[in-house]
Structure formats: C-alpha cells, structure tokens
Amino acid sequence: MRIIKSSEVTEIVRMLFLRAAKMPGKDALGAVKQAYESEPTPIAKEALRQLVENAQISDETGMPYCQDTGMAVVFVEIGQQVFIEGSLEEAINKGVHQAYREGHLRKSVLDPITRINTNDNTPAVIHYDIVPGELLKIYAAPKGFGSENMSRLAMLKPSDGIEGIKKFVLGSVEKAGGSPCPPVILGIGIGGTFEKCALLAKKQLLREIGCRSEDEQLAELELELKESINALGIGALGFGGPNYCLDVHIAKYPTHIAGLPVAVNFQCHASRHAYAVI
C-alpha cells in the first residue's frame with residue numbers, strides 16, 4: 001500500500017489549475033495557428049490572428065488566456081494500492097480554492113437557485129476511476145460555459161442508427177453557431193445511459209487534437225464529422241469559412257437494446273487542461 005498525503009494532492013491541484021488557466025493547450029494553439037494559415041475568409045482570418053496574438057500576450061504576461069477561467073472539472077485515476085491520508089475530495093477542493101485565489105482567476109461558481117457565489121470557484125466537479133497499480137493521476141480541466149452551454153444530449157431511437165447520430169451532431173453544431181467561441185473541439189459520447197454518454201463526451205476533450213480513436217469505425221466517423229461540420233461554413237467565431245472544428249473525438253459504450261444515447265460536448269479553442277502523476 002502506497003500512502004499519499006492529502007497536502008500533496010492539494011499542491012498538485014493548485015499548480016495544475018494555475019497552469020491550465022494561463023494558456024491554451026499546445027495542441028489546440030498549434031491547430032489554431034494552422035487554421036490561421038489556411039483561412040480564406042478575411043474577417044475569420046483576422047479573428048484567428050487575434051487568438052494567436054492573445055496566446056502570445058498571455059505567455060508573456062502570465063495573465064489568463066480567457067476571462068472565463070471556467071468551472072473546475074477534475075478527473076482522478078486512483079490506483080488500487082493507493083491510500084490517501086486525509087480526505088481526497090477536500091484536498092482537491094482546497095487546491096482549486098488556492099489556485100483561483102492566488103491566480104486572481106474569475107470566481108464563476110454559485111448556487112444554481114439563489115445565484116449566490118461561493119467566492120472561490122469550489123466545489124469542483126470530480127470524476128473518479130479506480131485502476132490497477134499504485135499511481136494517482138489528476139487531470140485538471142477548467143471548463144468555460146460559452147462552450148458548455150452549447151452542449152446537447154439526445155436519447156435517440158435505436159432505429160435512428162448511425163445516420164441519426166450524424167444528424168444530431170450536425171444539428172447541434174448548427175444550433176450552436178458562433179456561440180461556443182469556435183474553432184471548437186467536439187467530444188462525443190455514444191451509448192451507455194443518460195449520464196454515461198455525457199461523461200464519455202466530456203472525457204474525450206482530454207485527448208490531444210489529431211489523436212484518433214483506436215476503434216477503426218469511430219476513427220472514420222471522427223474524420224467524416226469534422227469534414228461535414230467544417231463544410232457548414234460557420235467558421236471561426238461564426239465569421240464564415242472552413243475552420244469551425246479543430247477536431248472530433250468520439251467514444252462509445254454498450255447500451256440497452258431499447259436505447260441510443262448520444263451526447264455532444266463543445267470545447268472552445270482554448271482547450272485548457274493539465275495533468276500530473278503522483
């Protein structure tokens with residue numbers, strides 16, 4: 001049994017959120033730069049240029065890349081041979097608290113009914129996976145709500161099949177338009193239950209741009225949907241052109257014979273996330 005102190009977890013979470021809030025993912029920034037180089041629409045090209053410039057300013061000044069520093073989402077993989085000395089959940093929330101206070105990051109979390117702010121961006125949304133081994137992996141993914149608000153879930157009929165899935169995804173993109181701050185990355189979950197497909201979709205946003213699914217059929221569907229989405233011509237920040245979607249990441253899970261759940265989770269061009277292994 002390997003013992004990890006909760007204070008160590010707190011420090012790691014603090015550093016991860018400070019790092020993630022400052023800059024977009026390297027893969028996302030690289031994809032935005034490529035989109036800028038290839039963009040034929042003048043106003044969209046200028047928008048992409050400003051996104052690249054904004055990242056440079058953030059890198060030079062240490063200021064957050066975006067004013068919406070998101071709601072703290074944390075994915076935790078806990079080895080079966082790991083024992084956390086103290087409360088893991090409290091340690092994570094303490095790290096989020098410290099990061100958002102120390103980094104002067106916007107506190108955006110509040111009670112959904114009273115709308116009273118918690119003032120430190122806690123509590124985090126935490127997802128746990130128990131895995132073999134004696135390692136603890138923590139993924140910090142601050143999620144802005146410009147993109148989150150455009151996410152959709154549908155309980156399709158089994159008879160809708162693959163064409164129904166495609167139709168739902170494209171319809172979700174058309175409805176979202178420029179609201180999720182495109183260019184975007186789409187995480188798509190297929191199967192499971194109502195909540196399982198949503199979690200699948202969210203977790204796909206941790207994948208690097210260009211990382212294809214190991215399932216050959218899903219890999220083909222990812223590329224097909226990316227092409228179809230960009231062919232809609234919505235473009236960067238909704239200004240038109242072929243650079244709306246940087247990538248599509250799909251995962252599936254077995255489902256009930258009577259169902260076909262599908263979830264689409266939008267991620268803006270910032271695609272902020274960081275991880276560490278203890």
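**View A. Packing of helices H2 and H3.** The axes of helix H2 (residues 26–38) and helix H3 (residues 42–61) come within 9 Å and cross at roughly 145°, where axes are lines fitted to C-alpha atoms, for helices over the stretch in contact, and angles run from 0 to 180 degrees between N-to-C directions. Helices (H or I, at least four residues) and strands (E, at least two) are DSSP runs, numbered from the N terminus. On the H2 side, Leu29, Val32, Lys33, Ala35, Tyr36 and Glu37 meet Lys45, Leu48, Arg49, Leu51, Val52 and Ala55 of H3, contact meaning heavy atoms within 4.5 Å. These residues divide into 8 nonpolar, no polar and 4 charged, with Ala, Val, Leu, Ile, Met, Phe, Trp, Tyr, Cys and Pro taken as nonpolar, Asp, Glu, Lys and Arg as charged, and the others, Gly among them, as polar. The model is predicted, so local features need pLDDT of at least 70 and side-chain atom pairs count only at pLDDT 80 or more, whereas totals for chains, interfaces and linings use all residues. Residues are numbered from 1 along each chain as its sequence is written, and side-chain values use heavy atoms, with hydrogens and water left out.

**View B. Strands E5 and E10.** Strand E5 (residues 136–140) runs antiparallel to E10 and is joined to it by 4 bridges, pairing requiring at least two bridges found by DSSP. Lysine 137 stands opposite valine 277 of E10. In E10 (residues 274–277), Ala274 and Ala276 form the covered face, and Tyr275 and Val277 the uncovered one.

**View C. Aromatic pairs.** The count comes to 2 aromatic pairs, for which rings of Phe, Tyr and Trp (its six-membered ring) must have centres within 6.5 Å, planes under 30 degrees apart being stacked, over 60 edge-to-face and the rest tilted. The rings of phenylalanine 17 and tyrosine 100 are tilted, because their planes lie at 50°, with centres 6.2 Å apart. Phenylalanine 17 lies in helix H1 (residues 6–22) and tyrosine 100 in helix H4 (residues 88–102), so the pair ties together parts that are 83 residues apart in sequence. Phenylalanine 17 is buried at 1% relative accessible area, and tyrosine 100 is buried at 0%, buried meaning under 20%, exposed over 50% and partly exposed in between (1.4 Å probe, protein chains only). The rings of tyrosine 139 and tyrosine 275 are stacked, because their planes lie at 20°, with centres 5.2 Å apart.

**View D. Loop between H4 and E4.** The peptide bond from threonine 122 to proline 123 is cis, with omega near 5°. Histidine 104, in this loop, has a positive phi near 55°.
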